[in-house]
Amino acid sequence: MREDFLWGGATAANQCEGGFRAAGRGMALVDVIPYGKNRMPVMEGRMDYRDLPEDTWYPGREAIDMYGHYKEDIALFAEMGFKCYRFSFSWSRIFPTGEEEQPNEEGLRFYDGIIDELLRYKIEPVVTLCHFDIPLHLVDKYGSWKNRKVIDFYLNYCDAVFRHFQGRVRYWITFNEINMLMHLPFMGAGIRFSRGENETAVKYQAAHNELVASAYAVKLAHEINPKFRVGCMLAAGSVYPYSCRPEDVWESMKRDRENYFFIDVQARGAYPAYAKKFLEQEGICLEMGPWDTRILREYTVDFISLSYYNSRCVRADGRGEASGGNVFASAKNPYLECSQWGWPIDPLGLRITLNALYDRYQKPLFIVENGLGARDEPDENGRIEDDYRIDYLRAHIRAMMDAADEDGVDLIGYTPWGCVDLISATTGEMSKRYGFIYVDKDDRGIGSRKRVRKKSFAWYRGVIEANGENLK
Ligand code: BGP
């Protein structure tokens with residue numbers, strides 16, 4: 001890999017930080033996403049968190065308490081040799097309601113602490129501005145991204161952090177998995193549906209508002225500091241046709257476009273023809289500002305970041321078994337094994353996905369999430385021998401290196417997801433672990449919070465040390 005390749009790891013405030021009432025932080029969307037059977041209905045925007053029973057448990061409120069452990073965690077990242085660390089800011093830690101004009105100084109100080117600690121170890125910070133996270137006040141008062149006003153609140157937040165952290169942070173990601181708003185509208189974008197609302201119209205309006213906000217953020221970032229590199233982020237994974245039947249192939253192309261739509265706008269600067277036609281056919285007329293088209297055109301992203309967990313598969317007749325895989329409906333691909341959570345494992349799919357994205361956009365790509373969610377059981381000596389995770393990562397790193405070295409895909413870096421165990425986004429479980437570092441805490445919050453190096457920890461350190469040349 002190139003000499004300056006950014007090997008590292010990734011987390012997000014909403015799943016690791018905790019400290020939900022610390023230092024003036026306001027309530028955020030993640031604080032009201034429950035554990036258990038109501039989690040999905042809330043994340044989908046079909047159930048109002050205000051209707052949840054009193055004894056509901058919210059795992060994100062404490063998460064792994066990185067708020068109180070970040071020095072220890074960063075020291076471990078440094079021990080693995082991380083060149084970069086991707087994490088997110090909690091918006092409501094900096095703007096507690098989202099409406100303040102000035103940032104909460106204590107919130108900024110917390111991130112000063114993290115960033116200075118990273119820089120001390122020469123670890124490049126990669127900051128996601130919004131990772132399934134929005135001040136709850138903006139959700140309740142404005143309807144979140146349904147409302148154009150939220151663009152201004154978001155830009156006020158961007159302005160504050162771009163200015164405050166310039167000189168220390170260079171890589172910014174505007175929205176995590178922007179396409180997630182189509183699948184988990186509340187989790188992805190704070191969207192709740194009212195009865196009788198046209199859900200497709202609401203989702204596309206919210207998407208439009210986020211896309212415009214993202215383009216304005218690129219503009220602002222480059223004005224504040226031309227050295228900033230601003231990226232978009234896609235929950236990626238190519239959609240395979242179940243067979244070579246033309247109907248299956250056509251269906252797979254349509255499914256891919258549902259995701260590409262966002263990046264087509266963010267990387268190419270305009271609504272693609274197929275999206276315009278779709279909106280027309282659905283009778284959806286987006287509320288647009290007078291400058292939207294121009295802003296989208298002129299302020300495209302510098303790089304495209306992506307998460308990749310698995311490929312997807314589709315059959316036009318909708319028959320056959322369904323498969324899991326990060327809430328994207330998929331047909332079961334008979335050629336692939338699945339994880340304990342039913343997500344297919346497809347390393348070659350990563351090479352395919354990277355090539356598809358690079359062919360389409362010709363912008364640098366950054367893999368900012370990849371990994372295996374698995375149950376880890378410490379043995380009698382407290383050791384965690386996670387060879388299954390090493391196997392998964394080895395195969396994916398090989399595929400990524402093939403894409404770069406054999407196919408010429410321009411790749412900036414690789415940050416496996418949940419480098420330290422954290423709360424699962426889809427299930428709220430602690431037991432769905434991705435980390436190189438084990439955190440002693442279970443699904444009900446019991447445990448010492450102690451950090452333990454897994455077998456994969458030393459393995460990944462070796463991978464980074466040899467710049468990917470040693471995957472053994
Ligand atoms: C992505 C999210 C992450 C992360 C990951 C794994 O969709 O960006 O926040 O959680 O998926 O998913 P899960 O935690 O459900 O296993």
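Predicted model: local features only at pLDDT ≥ 70, side-chain atom pairs only at ≥ 80, totals over all residues.
**Barrel and helices**

Eight strands form a closed barrel. Their order is β1-β2-β3-β4-β5-β7-β11-β12, and the pairing is parallel. On average, neighbouring strands in this sheet are turned by 30° against each other, direction ignored.

Strand β2 spans residues 84-88 and strand β3 spans residues 124-128. The two run parallel and are joined by five bridges. Within this pair, Ser 88 stands opposite Thr 128 of β3.

Helix α5, residues 105-120, lies across β2 and β3. Its direction makes an angle of about 170° with β2. Elsewhere, helix α10, residues 246-268, lies across β5 (229-236) and β7 (303-308). Helix α10 runs at about 170° to β5.

**Ligand site**

The ligand is surrounded by 16 residues. The closest are Glu 177, Ala 425, Thr 426, Lys 432 and Tyr 434. By class, the shell holds seven nonpolar, six polar and three charged residues.

| Residue | Protein atom | Distance to a ligand oxygen atom |
|---|---|---|
| Asn 176 | polar side-chain atom | 3.0 Å |
| Ser 424 | side-chain N or O atom | 3.2 Å |
| Ala 425 | backbone N or O atom | 2.7 Å |

On its own, the ligand has 370 Å² of accessible area. The protein covers 99% of that area.

Methods:
Residues numbered from 1 in each chain as written. Heavy atoms only, no water. Pairing = 2+ DSSP bridges. Helix = DSSP H or I, 4+ residues; strand = E, 2+ residues; numbered from the N terminus. Axes fitted to C-alpha atoms, helices over the stretch in contact; angles between N-to-C directions. Contact = heavy atoms within 4.5 Å. Near = heavy atom within 4 Å. Polar contact = N/O pair within 3.5 Å; in protein donor to acceptor, adjacent residues only side chain to side chain. Areas by Shrake-Rupley, 256 points an atom, 1.4 Å probe, with all protein chains shown as cover. Nonpolar A, V, L, I, M, F, W, Y, C, P; charged D, E, K, R; others polar.
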